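Please keep the sequence and the structure in view while reading.

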Amino acid sequence: MRKLNKLFKSVSFATVVISGSGNTLLAQETIATENTAQVTDEDAVEVISITAKRDIAGFLENQPSSLLFGFEKSLLETGRSATFVSDETLKAFGVTTVDDLTAVAPGTFTASFYGVEGALNVRGTMAETYFHGFKRIENRGTYQTPIGSTSRVDILRGPPTANFGPGKIGGLLNLEPKTARLSQSGGFLPDVVGEAQVTFGSYDKKNASFQVGVPVNISEAEGGVYAYVELEDSGSFYNGITPEHQMLQLSADFEIGNSWKLAAGLMSYTSEGYVQTLGWNRVTQELIDNGTYQTGRDTDLVDTNGNGQMEWAELSAQDPTYFAKLTHYPDFYLYADGDVAALDTNLGTTKLSSQDVYISDNDFSDTGTFTGFVDLIKTYDDDSQLKIQVFADYLDNQRFVSYGFPADYLAKTFEARVSYISTFGSNSDAITGVYNVGLSSRYYDARKRESYNGGQIAISRRDLSVGAMPNDIMGSPFNSDFFWDLDTQSTWTDNAVFAMLDATAMDIWDLSLSARYDYYDLDSTENGDPTYSYAGVTEAKDTDGKFTYSATLLLDLPSGIRPYVSYAESAAIEFSQAGEVSPDLIADGEWLSDGKLVEAGVKLELFDGIVTGSLSGYNQERTELSTVAGSTVNRTESEGVELELRILATDNLSFSITSNKQKTEYVDGYDGYYVINPRDIGLDDVSNYGVSVAAFNFSDSLYALTGSEYYLGALEDTRIPDAVTSVYATYADEVGMFDRVGTTWGVRHVTETSGFTEFSTKYPSYLLMQAALFVNYNDWSISLNVDNVLDETYFTPLQDIYGDVAVLPGKGREWRMSVHYNF
C-alpha cells in the first residue's frame, strides 16, 4: 500500500460523477500536473483501477486533504479520528441533515435541540461548525444547517488542529463548498457541467436545486466558477411545521499567473418555518410505553382582552401569587401556590399521534445568514506555499416559541489568517517532513436578546390533544408588553500564532505536532430587565492568553495496519447561542475553559484498499455551558470506542459499518438550571402541570430534596445512547438499457436513553431501516429514498434543560423521489 499512497500524493484525480438515487458511480481518471512525476508503477495503477471500479458509493478518500491538517496528507495516514464524507456518499445514504450523519460517522448521535437540526453532537457533547476551515457563528437549533451545497463533509473527533483556531475537545463539523477545481493538486473543469434536481415526497416535500460549473479563462488566468441554488418549500411529518429556505452559493477558483492561485466563495441563506418544538410534554413511562397521554387544562388563567395570548399585564393582574414564588425548597422555584397550578378541566387520558407536537400558529423562526471567504495562495519554486485567507460570517435570527421563549440574535465575525507551508529533508534523508506556521486574528460581535417571561414558562400547561389555547400562548417583546430578561452585547478578539509539524522517520514513523497561542480581549454588557434578569453582573471585561497543543505518533506498517496514539490540551471561550459571553462568566474568570484528550487507535488499509477504516478509543475532558443565562460551566468527562469500516466486497457490492460505545459524565454533578417533573420531588403531576418545577443547581437541589446519593458526585448523561451502530450495503450493476441500476439498504441501532433524574422516563432502544433505489439512463437519473422503512416508533430526548419533561417522537415512514438531469 505504500506504493499506492505515494501515487495518491503525486497524482490528482478527476471525478466524473454519474448521479443516481442516493448513489453515484465514480470513474477515476489520472491527470498529470506540471509538478507531477511520471507514474510507472503498474501495480499501483492496477490497485487504483480495482478500488475505483468497486467504489460505487464514493466511500474512498481519493486524494490527500490539506484542509484539516494544514498540509496534504491522507486521512488513513493521519493519527486522528476523523471521517470525510463525499457528496456522493451523502446521496447514497440518504443524508440530508446533520443528524443523519450518524449513518456514516461513529460517535455523532445528536439529541434533539427542539427539533431543529442545526449542530452536530460528537463524542457526547455539541460540536462546532466550520465552513471552508473557518469557525461559523453558533447554531444551536437556530436554523437547519444546509449540507446539499457541499462537496464534502468533514467530521473531526477531538480538538481542531492549530490552523483551524482554538476550539473545544470533542469534535467539529466542516462543510466544504462545491468548486470548479477538479482536485486540490490542480486542474479545472474542461467544459460546462451542471445538474438540475427536483425532489418531492411525503408530507408535501418540495425541493429544487440547480448547480453549474463553468470554466473561465481570462488572459493568463485559468479557472472556473461554480454556482449552486436551492429552494425548499415543504411540509413536515410534524403537524404545523412548514419549513422553507432559499440558498445561493457561489465559488470562484483561478490560477492567475506567476504561481498565484485565487479562490473565493460566498453563501447566502434565508429560512423560515424551522420553528422549535419540544415534541411531547407531560412525559411519563405510560406515555412512552403505551401512548397514554394525560389530558386536562388549567383554566385559572384567562385571556381577558381576547387577543389570543397572555400578556404580562394580564398575568400580573389576575393572580400575583401565580408566578415566581420562592418556596422552602433550597434553590428551587415552584411558580404557584395552592390549586392554581392544577389541571382543572377535561381530566382524563387519550392517545397521541407522533405527528402532534408542541406548536402554535404564533410560533416562528426567521433566519438570514451570509458567509464568505477569499484565499490567495502563492506557490514558490521549492513547492512551499504562502496562504493569505480572510473569512466573514453573519447571522440574523428572530424566533418565538409559544410556551414563552422569544429570542433575537444578531452576530457577525471576521477572521484573517496568514500561513506558510514548506517541506524539509529529501528522499535520502532519514527524517523528512512538512511544517505550517502562521498568524490569525478574529473579531466577533454579538447581541443576544432572550426572554423567559419573568419565569412564567410552563410547558406542561398545554394539553396537546386540544392544541394551543390563548391561556397557554405567552406574549413576547415582538408583539406585546413583555420584556427581554437578557440583552447581552459582547465583542471579543483573538490574536494568535500557530505552528504545525509533520515528520516522517525511516519511512514508517510519523510524528505530528500542533500548537498555538491565543490572546483574547473581551468586553460584555448586560442590558436586560433588571427585575427578572438572570444576570448578576451588568458589565465586565478581561484579557488572557492561552497555549494549546496536540501530539500524535503513528507507525506506518507495510501490512496497512497503522497504530497511533494522540494527546491534546485545548482551550476555548465559553460563548452561548449567539456567540456572546456572559458578563457573569467574565467577572468570575470562567469564560476560558480547558480540555484534554487521550486517544489511541489503528488505521486500516487492507487487501489493496478493499478494506479501509479505523478503530479508536478515547478519554476526553471538556466543559459545557448551561443554556439558561449562560453563566454556569459544567465539567464533563467522556470515554468510548469507535469503529469505522468501508468494505468494497465486489465490483457491485460495498458495505459501510460504523459503531461506537460511549459514556459521558458530568464530573461534579450538573450545576445548572433544569426543569423536572413534579413527581421527581414527591408532588402530584396533575396538580402542578400548570406551572414549572425547576432548579438553578440541579444536583445539589435534587439531593437536598430527595436525599438520594444518585445526585452526588459524577452524573451520567443518559440522554445520549451508550451505543449506536449503523450497517449499510450498496449494490449496483448495469441492467438492460440502463447505465446503472442499484440499491442501498441500511439499518441503524440506537440503545436506550432516558431523562436526567434518578427515576426518569426510559426511552427504549430502536432499529431504523433505510432504503434507496436508483436508475441511471444517459444524462437522467431517478432515485427513491425511504426512511424508517418499518415505521418504527422511537423517541429522541431533548439535549437541553427540558430533557426530563419533554421528548421528540421520531418521524414515521417517509419517502422522497428525486429526478436529476446532468449536462
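In which loop is Ser259 found? Ser259 lies in the loop between β13 (244-257) and β14 (260-272); strands are DSSP runs of E with at least two residues, numbered from the N terminus.

## Basis of the report

The model is predicted, and local features need pLDDT of at least 70, side-chain atom pairs count only at pLDDT 80 or more, and totals for chains, interfaces and linings use all residues. Residues are numbered from 1 along each chain as its sequence is written, and side-chain values use heavy atoms, with hydrogens and water left out.

Most residues other than glycine have a negative phi. Ser259, which is not a glycine, has a positive phi of about 65 degrees. Ser259 is partly exposed, with a relative accessible area of 42%; buried means under 20%, exposed over 50%, and partly exposed in between, for a 1.4 Å probe and protein chains only.

Asn778 also belongs to a loop, the one between β38 (766-777) and β39 (780-787). The phi of Asn778 is positive, near 55 degrees, and Asn778 is partly exposed at 48% relative accessible area.

## An open sheet

Five strands form an open sheet with mixed pairing, in the order β3-β8-β9-β6-β7. Strands β3 (82-86) and β7 (134-135) stand at the edges with a single partner strand each, so one side of each has no neighbour in the sheet. Two strands pair if DSSP finds at least two bridges between them. Strand β6 (residues 128-131) pairs with β7 in the antiparallel sense over two bridges, and Tyr130 stands opposite Lys135 in β7.

## Nonpolar cores

A nonpolar core is a set of buried Ala, Val, Leu, Ile, Met, Phe, Trp, Tyr and Cys residues joined through side-chain atoms within 4.5 Å. The largest nonpolar core has 47 residues, and Leu101, Ile573 and Trp591 touch the most other members. A second, separate core of 46 residues includes Leu278, Leu287, Phe698 and Val805.

Beyond its neighbours within four places in sequence, Leu101 is in contact (heavy atoms within 4.5 Å) with residues including Leu90, Val95, Leu120 and Leu173.

## Charges over rings

A charge sits over a ring if NZ of Lys or CZ of Arg is within 6 Å of the ring centre and within 35 degrees of the ring normal. The charged end of Arg152 sits over the ring of Phe84, 4.8 Å from its centre. The charged end of Lys603 sits over the ring of Tyr564, 5.8 Å from its centre.

Methods: Helix = DSSP H or I, 4+ residues; strand = E, 2+ residues; numbered from the N terminus.
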